[in-house]
Amino acid sequence: MLGQLAEAGLRVVSDERRADVVIVNTCGFIDAAREESINTIIELGELKKSGRCRTLIATGCLTQRYQGELIRELPELDAIVGTGDFPQIAEIVRSRLGTAKAAARSWFEHPTFLYDATTLRRRLGPRHWAYVKISEGCDKRCAFCAIPSFRGDLASRTIGSVVAEAQHLAAEGVREINLIAQDLPAFGMDHGRKGDLIALVRELGKIDDLQWIRLMYLYPHKLPAGLVDLFVEEPKLVPYVEMPVQHIDDRILRSMNRGGGSAEIRRTLDVFRDRVPNVAIRTSFIVGFPGETEREFDRLAAFVEEQRFDRIAVFTYSKEEGTAAAKLGDPVSAEIKAERRQRLLDLQLGISQARGDATVGLRRTAMIEGPAQDDQFALEARLATQAPEIDGVVYLEEMAGEPGDFVEVEITEALGYDLVARPIVPSRHLPVIGARGSS
């Protein structure tokens, strides 16, 4: 949207109080996300009374999922735009600028939009890393998930399109590409090609200026043949596995319609740990799924203790209308869900601290992020095994370069999910093998 707006000559400002038009990009996945999106719309709606704002527009998954309801329930809105119509955002903005007092309008004329390398893009985040979305939608039908109902079935980009975008990003200074999708391993399967993810990573590995390639969201059931080999053989693919398993109890997994079972999950985790040196594994769980008993939750907690993941995310079950699980009701109380979530998080904090303590004294390659938010330290950096925004950081005690530079560091302390280190050999152009060997 930013690329479209800039191309049309509309100026983007960082302070919403200075904007004539405010656009809210919403999420409609779970209760907490919907609540945050709606509260943001209401809050920004106040700018129509106290600021310059003349037009308030909402787009994204919440609008796609609750089209008519949003217009009825949120009078602050002047327009809502579906997930397939945001390429028209500049035209929509212009059409509304002169008609702010007219009735609110909706744009839901097109199916979900699949962008490609020619789609205009303007990034506001760090210059040295970027997300690249390789597909939209999902063919899986997990019982708790409503995404296919508003994002549709799997629609993959071509390998050439993704590579062209990555080449452009690398030319702009991006050193790390994070590939994202609702179901990353399924990339290309809608076109009958099962090995497209592996072929894509091999092509991305040929881009000279890229140093790290990261795969986000590996669905654990029926991974493409050769995927583990790819982690071993491709030097730029970081040893980082983000694989949401959601639960380990077989009855719960069947009820979730996850495919596979606990034995397959354990085998997959074992293979990655056995074959990929210094691999970090991040996963996520849902607690309080309908009918989850205390014994089944205890089995999940024991699994977390057993596996000693590098990091976990824990979500409380959210009943989503239109999903298979919605028919099961929501019998686990909010209090029990919250208590179970906290138990897992407390357990993982101790595990992460112990894992961090074990790295003290080791030397690793880190990428500098920028000035430290904690004023006790000079810089923040990340290891290859720390994904941007969702994992911890490495605090550097001394200045060692600029954002995007790679530096060898020695770990000196562990602070829960974060690490402290001192720089050893600052270098803007460490060999690729240095990046691959990081953990």
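The model is predicted, so local features are described only at pLDDT of at least 70 and side-chain atom pairs only at pLDDT 80 or more, while totals for chains, interfaces and linings use all residues. Residues are numbered from 1 along each chain as its sequence is written, and side-chain values use heavy atoms, with hydrogens and water left out.

Begin by selecting residues 31-45, which form helix 2 (helices are DSSP runs of H or I with at least four residues, strands are runs of E with at least two, and both are numbered from the N terminus). Helix 2 has 15 residues and reaches 21 Å from its first C-alpha to its last, close to the 21 Å expected at 1.5 Å a residue, where the expected span is 1.5 Å times one less than the number of residues.

Next, colour Ala33, Arg34, Ser37, Ile41, Leu44 and Gly45, the buried residues of helix 2 (buried means under 20% relative accessible area, exposed over 50%, and partly exposed in between, with a 1.4 Å probe and protein chains only). Looking down the axis of helix 2, you will find these buried residues within an arc of 115°, so they line one face of the helix; the arc is taken from the directions from the helix axis to the C-beta atoms. On the other side of helix 2, Ala32, Glu35, Glu36 and Glu43 are exposed.

Now turn to the aromatic rings, of which there are 8 pairs (rings of Phe, Tyr and Trp, the last by its six-membered ring, pair if their centres lie within 6.5 Å, with planes under 30 degrees apart counted as stacked, over 60 as edge-to-face and the rest as tilted). Select Trp129 and Tyr131, whose ring centres are 5.2 Å apart and whose planes stand at 85°, so the pair is edge-to-face. Trp129 is buried at 6% relative accessibility, whereas Tyr131 is partly exposed at 27%.

Move on to Phe377 and Tyr395, a stacked pair with 4.7 Å centre to centre and 15° between the planes. Phe377 lies in the loop between strand 13 (363-371) and strand 14 (379-383) and Tyr395 in strand 15 (residues 394-396), so the pair ties together parts that are 18 residues apart in sequence. Phe377 is buried at 16% relative accessible area, and Tyr395 is buried at 12% relative accessibility.

Finally, select Phe285, Phe303 and Phe309, which form one aromatic cluster.
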